[in-house]
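Here is a briefing on a two-chain model. Please look over the sequence and the structure first.

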There are 2 protein chains.
Amino acid sequence: MKIEKLTKQAFAAFGDVVEIEGAEHFFINQHFAERFNNLANVDVTDEGGLVNISIAAATPRPKPIAIKLMERHPLGSQIFYPLQDEEWLVLVCDDPKDKSTYRLFQATGQQGINYKKNAWHHPLLVLNAGKFIVIDRRGPGNNLEEVPLTRHMAILS
Amino acid sequence: MKIEKLTKQAFAAFGDVVEIEGAEHFFINQHFAERFNNLANVDVTDEGGLVNISIAAATPRPKPIAIKLMERHPLGSQIFYPLQDEEWLVLVCDDPKDKSTYRLFQATGQQGINYKKNAWHHPLLVLNAGKFIVIDRRGPGNNLEEVPLTRHMAILS
């Protein structure tokens with residue numbers, strides 16, 4: 001599967017790329033810090049949702065990685081931002097049953113993503129063990145939809 | 001000034017310590033990730049506020065560091081989580097004009113903090129240049145109150 005570079009433009013249909021590059025920025029703290037501002041649209045308040053701050057510790061899957069399910073969150077956006085400067089992978093699609101709609105992105109260790117509500121995505125795909133800050137939704141309602149896939153797609157060998 | 005170890009208990013009056021230690025946790029992603037959940041109370045919706053995701057790039061201040069102002073945010077909580085595994089400092093107080101109420105904490109590179117609304121704090125204090133994920137408030141209203149201090153307190157030599 002072709003691996004694309006992660007850019008705001010390429011990822012726009014699925015959500016935000018959370019990164020310094022291209023961001024509005026200004027000095028704060030008496031010029032001892034620079035703030036790169038408003039990097040993502042956090043959208044979690046449907047049906048009484050609140051912001052949930054978490055840390056996810058991910059381990060790599062054995063290769064070749066067979067894609068066995070995709071998931072989406074109908075009630076809230078979901079940010080993953082890496083806590084180590086290491087590349088990682090982001091797999092999304094428009095329709096889990098249509099292989100032609102899948103897109104695989106390689107993110108740098110200084111790029112996070114924010115999945116829009118209802119953006120189909122694979123669970124975390126790390127190349128090495130690593131941690132991520134997760135900013136998503138907690139609250140009432142069913143916010144997880146999973147589609148198991150009988151026809152697997154191996155994406156990494 | 002005495003430097004305290006940053007713990008949830010010691011910091012409770014000022015906000016949350018955002019860390020894996022002591023957190024509710026469970027496996028997700030077919031056991032390829034562990035989620036340490038609900039690490040902070042994000043409180044930003046007063047007066048139409050929204051969540052603001054930013055990255056702050058901080059540089060160290062020249063030593064000795066003279067404390068010249070404290071600040072607080074009346075309309076929203078504010079998280080700083082480090083993007084490098086390096087220790088940093090957190091200076092807070094109950095009353096900016098009362099030196100006896102100041103407390104200085106040393107955070108690890110795997111500890112963030114979430115200032116409560118109205119918790120007095122100093123701007124970022126890093127020992128080396130570093131980046132932080134910031135999760136705070138954007139929206140209408142004046143969310144910054146600063147107190148300049150004529151009687152400086154040198155805290156690091």
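The notes below cover symmetry, the interface, its strands and salt bridges, and some backbone details.

This is a predicted model, in which local features need pLDDT of at least 70, side-chain atom pairs count only at pLDDT 80 or more, and totals for chains, interfaces and linings use all residues. Residues are numbered from 1 along each chain as its sequence is written, chains are lettered from A and ligands numbered from 1 in the order in which they are written, and side-chain values use heavy atoms, with hydrogens and water left out.

**Symmetry**

- Two copies of a chain are related by a rotation about an axis and a shift along it.
- Here, a rotation of 180 degrees with 0.0 Å of shift along its axis places chain A on chain B, with RMSD 0.0 Å. That is the relation of a two-fold axis.
- The superposition is by least squares on the C-alpha atoms of residues with pLDDT of at least 70 in both copies.
- A:L83 is the residue of chain A that comes closest to the rotation axis, its C-alpha lying at 2.7 Å.

**Interface size and make-up**

- Contact (heavy atoms within 4.5 Å) involves 43 residues of chain A and 43 residues of chain B.
- The copies meet through the same surface, because 100% of the interface residues of chain A are also interface residues in chain B.
- The two chains bury about 3,600 Å² between them, with 56% of it on carbon and sulfur atoms. Buried area is the accessible area (1.4 Å probe) that two parts lose on being put together, summed over both.
- In chain A, the residues losing the most area to chain B are A:F32, A:I53 and A:I55, together 20% of what that side buries.

**Polar links across the interface**

- The rule finds 26 residue pairs in polar contact between chain A and chain B, both residues at pLDDT 80 or more.
- A polar contact is a pair of N or O atoms within 3.5 Å; within protein, one must be able to donate a hydrogen and the other to accept it, and residues adjacent in sequence count only if both atoms are side-chain atoms.
- The two chains share 2 salt bridges. The term means a side-chain nitrogen of Lys or Arg within 4 Å of a carboxyl oxygen of Asp or Glu.
- A:D136 forms a salt bridge with B:R35, with the closest N and O atoms 2.6 Å apart.

**Strands at the interface**

- On the side of chain A that touches chain B, β4 (33-37), β5 (50-58), β7 (78-82) and β13 (130-138) each supply at least two residues.
- β5(A) gives the most to that side, with 8 residues.
- Strands are DSSP runs (E, at least two residues), numbered from the N terminus.
- β4(A) and β5 of chain B run antiparallel and are joined by 4 bridges. Pairing requires that DSSP finds at least two bridges between two strands.
- A:A33 has B:A58 as its bridge partner in β5(B).

**Salt bridges overall**

- A search of the whole structure finds 12 salt bridges over all chains.
- A:E4 forms a salt bridge with A:R103, the closest N and O atoms being 2.8 Å apart. A:E4 is in β1 (residues 3-5) and A:R103 in β9 (residues 103-107) of chain A, so the pair ties together parts that are 99 residues apart in sequence.

**Backbone details**

- The peptide bond from A:K63 to A:P64 is cis, with omega near -5 degrees. A:P64 lies in the loop between β5 and β6 (65-72) of chain A.
- B:K63 and B:P64 are also joined by a cis peptide bond, with omega about 0 degrees.
- A:N118, a residue other than glycine, has a positive phi near 70 degrees. A:N118 sits in the loop between β10 (112-115) and β11 (120-121) of chain A.
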